[in-house]
Amino acid sequence: MAAKSIHSQIRVLRCLSNDCDGMLAYEVLDDNVLYIDLAYLAKSDGETRYFPCPKCGGRNVVEEIEDAKGAVKHRVSHFQTSP
Ligand SMILES: [Zn+2]
């Protein structure tokens with residue numbers, strides 16, 4: 001019987017488009033917070049920062065958040081189709 005981890009599950013980021021489910025080369029925690037903060041690799045379009053999906057070409061938008069200790073992190077918050 002495997003012990004249940006008390007830590008957040010690390011998983012590969014999946015495209016947030018319901019129709020796509022493409023895999024992106026980033027690791028995230030349960031709530032889509034980047035495990036290793038690679039937000040600097042995100043592309044930017046004006047104020048929007050995003051990871052382009054290799055499968056559908058849409059945008060997985062990255063937002064800056066603060067954790068409970070006030071540290072700045074990044075979270076993939078929602079999906080936008082490519083304009
Ligand atoms: Zn996609």
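The structure is a predicted model, in which local features require pLDDT of at least 70 and side-chain atom pairs count only at pLDDT 80 or more, whereas totals for chains, interfaces and linings use all residues. Residues are numbered from 1 along each chain as its sequence is written.

Secondary structure elements are DSSP runs numbered from the N terminus, with helices (H or I) of at least four residues and strands (E) of at least two. Two strands are regarded as paired if DSSP finds at least two bridges between them. In general, the strands of a sheet pair through backbone hydrogen bonds, either parallel or antiparallel.

Strand β4 (residues 48-52) pairs with β5 in the antiparallel sense over four bridges, and P52 stands opposite R59 in β5. These two strands form a hairpin with six residues between them, and G57 in the turn adopts a positive phi of about 80°. The pairing of β5 (residues 59-66) with β6 is likewise antiparallel and extends over eight bridges. Within this pairing, N60 has F79 of β6 as its bridge partner, and I65 stands opposite K73 in β6. A hairpin is again formed, with five residues between β5 and β6 and a positive phi of about 85° at G70 in the turn.

Residue exposure was assigned from the number of other C-beta atoms, placed from the backbone, within 10 Å of a residue's own C-beta atom (buried, 20 or more; exposed, 12 or fewer; partly exposed, in between). E63, located in strand β5, counts as partly exposed because it has 15 C-beta neighbours inside 10 Å. With residues up to four places away in sequence excluded, E63 touches H74, R75 and S77, contact being defined by C-beta atoms, placed from the backbone, that lie within 7 Å. The C-alpha atoms of E63 and D31, 32 residues apart along the chain, are separated by 12 Å.

P83 lies in the segment after β6 (72-80). This residue counts as exposed because P83 has 5 C-beta neighbours inside 10 Å. A C-alpha separation of 10.0 Å is found between P83 and G57, which are 26 residues apart along the chain.

Conventions: Two residues are in contact if their C-beta atoms, placed from the backbone, lie within 7 Å.
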